[in-house]
Every structure is written in C-alpha cells, then in structure tokens.
Amino acid sequence: MLPIERQNRIKDRIQEKRNIKIAELSQELGVSEMTIHRDIKPLINEGFVVKTFGGITLAGDYQDIASNTKECVICNKDTDERLAYRLILPNNRIEMTCCAHCGLIRHRQLGDEVIQAICHDFFKQTTISASITWYVMNTSVHMGCCQPQALTFEWKEHAEKFVKGFGGEVYSFYEAMEYLYKKMNGSEKHCSKHE
C-alpha cells in the first residue's frame, strides 16, 4: 500500500473514531508505528489531525475540547499549560486540571473510566503519560499550584536529583494518588490552594 493510500485510510478511520492510537493504526494497516508517524505528519501539518500522547485526534474535536478546558475541573482555578494534567475519557472527552495534585484526585475519582492521562515533565516540559510519571511532593519550591503540590518528572533519577536540592519525597503514580487521598483526609471535594 502506498503512503497516500494509508493516509486516506487513516483519514477515514479518524473521521469514524474521532481519535485513535498509533499502535492500533499500525496493526490495522500492517506497517510499523514509525511508518504511521511518517504517514500522519502531512495530516498534522495540514491541520486535519492533532497529535496526542500515543495517538491522534480529529483536529476540530481537539479544538472544541481545548477551548472548553480553561478551568480546573476540581478547584476551578485557571489552568497553566506547564502544570496541567489532562484526563482522556471515553467518547473523546477530555478533562483538564490545573496541576498534578488535582489531576491525581480526579483520576482517583474516575478510576477505570480514564483511558489515558498526560502531564508535563517539570524540567523538559515534554508530554508524558501520568501513569509512568514520578511525583515529587513536599518540596520547598512552590509553583503556585494546589497544596500539597505534586511536581511531575519523566525519570525517577531527575526527581531524586530535584529532591536532593529542594527537598521532598518521590512517589510513583499509585503511591502519589494514595498519598494525596490520605493527606486530604479522604475528602476529594476540595483542595488546599497555595495563597
């Protein structure tokens, strides 16, 4: 199959499903994920699709969702892209929180309904999957986000080096989620914001 034929098949699939994983396209079309990445590059450049973590979303849908996600779904605080935490849910819904603190609380509330969650590496500002992220809490650095704040790192070594300089503890995804739940006295309704 020629690249243009694959691109047309990808267009058909994305219009049908609204969002799709790269791995799924790779399997359906019988080519490597790298080939799929090359095939979707022109579609991204023309604005037909938007790259999301591990997949693509129909551009119009993404813009509609993005325009409705200015406030945190937990504390209603305005979101800052470099601290934001996104929860991808069924039917192409995306919920956004102002920080990993609120993101982890909401993630725990939604449970298995969450298809995927993404956040940003504190150092590199690259998008990472929340479930494989390392969370630093109780550090002396205050980013103006909800307390106790949770800073996100792709690599455990980076999180540990940060802790050496600025204090705090490093937690895995599930450890961080449970720590926040217990720290908030089991209440998932309100979070304490840094004043």
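What share of the contacts in the protein with a separation of 6 or more comes from residues 24 or more positions apart? Such residues account for 57% of these contacts.

## Overall composition

The structure described here is a predicted model. The protein contains seven helices and 12 strands. Of its 195 residues, 46% are buried. The protein exposes about 10200 Å², and carbon and sulfur atoms supply 50% of that area.

## The four-stranded sheet

Four strands form an open sheet in the order β5-β4-β6-β7, and their pairing is antiparallel. Its edge strands are β5 (93–97) and β7 (127–129), each of which pairs on one side only. From one strand to the next, the twist averages 25 degrees.

Within this sheet, strand β4 (residues 85–89) pairs with strand β6 (residues 116–120) in the antiparallel sense, over three bridges. In this part of the structure, I88 stands opposite Q116 in β6.

## Helix α5 on the sheet

Helix α5 (residues 100–110) packs on the sheet, where it touches β4, β5 and β6. The direction of α5 makes about 20 degrees with that of β4.

How many of the 11 residues of α5 are buried? Nine of them are, so the helix is largely enclosed by the rest of the structure. The buried residues are A100, H101, C102, G103, L104, I105, R106, H107 and L110. After α5 comes G111, which has a positive phi, near 55 degrees.

## The packing of helices α2 and α3

Two packed helices are described by the angle between their axes and the distance between the axes. Helix α2 (residues 22–29) and helix α3 (residues 33–45) pack at an angle of about 105 degrees, and their axes are 9 Å apart. Angles of 65 to 115 degrees count as roughly perpendicular, and therefore α2 is roughly perpendicular to α3.

Which residues meet where these two helices pack? From α2 come I22, A23, L25, S26 and L29, and from α3 come E33, I36, H37 and I40. Sorted by class, the contact of α2 with α3 has six nonpolar, two polar and one charged residues.

An α-helix has 3.6 residues a turn, so residues three or four places apart point the same way. The contact of α2 with α3 can be read with this in mind: I22, S26 and L29 are among the residues of α2 that meet α3, and E33, I36 and I40 are among those of α3 that meet α2.

Methods. Residues numbered from 1 in each chain as written. Predicted model: local features only at pLDDT ≥ 70, side-chain atom pairs only at ≥ 80, totals over all residues. Heavy atoms only, no water. Buried < 20%, exposed > 50% of the residue type's maximum accessible area, 1.4 Å probe, protein only. Contact = heavy atoms within 4.5 Å. Areas by Shrake-Rupley, 256 points an atom, 1.4 Å probe, with all protein chains shown as cover. Pairing = 2+ DSSP bridges. Axes fitted to C-alpha atoms, helices over the stretch in contact; angles between N-to-C directions. Parallel < 35°, antiparallel > 145°, perpendicular 65-115°, else oblique. Nonpolar A, V, L, I, M, F, W, Y, C, P; charged D, E, K, R; others polar.
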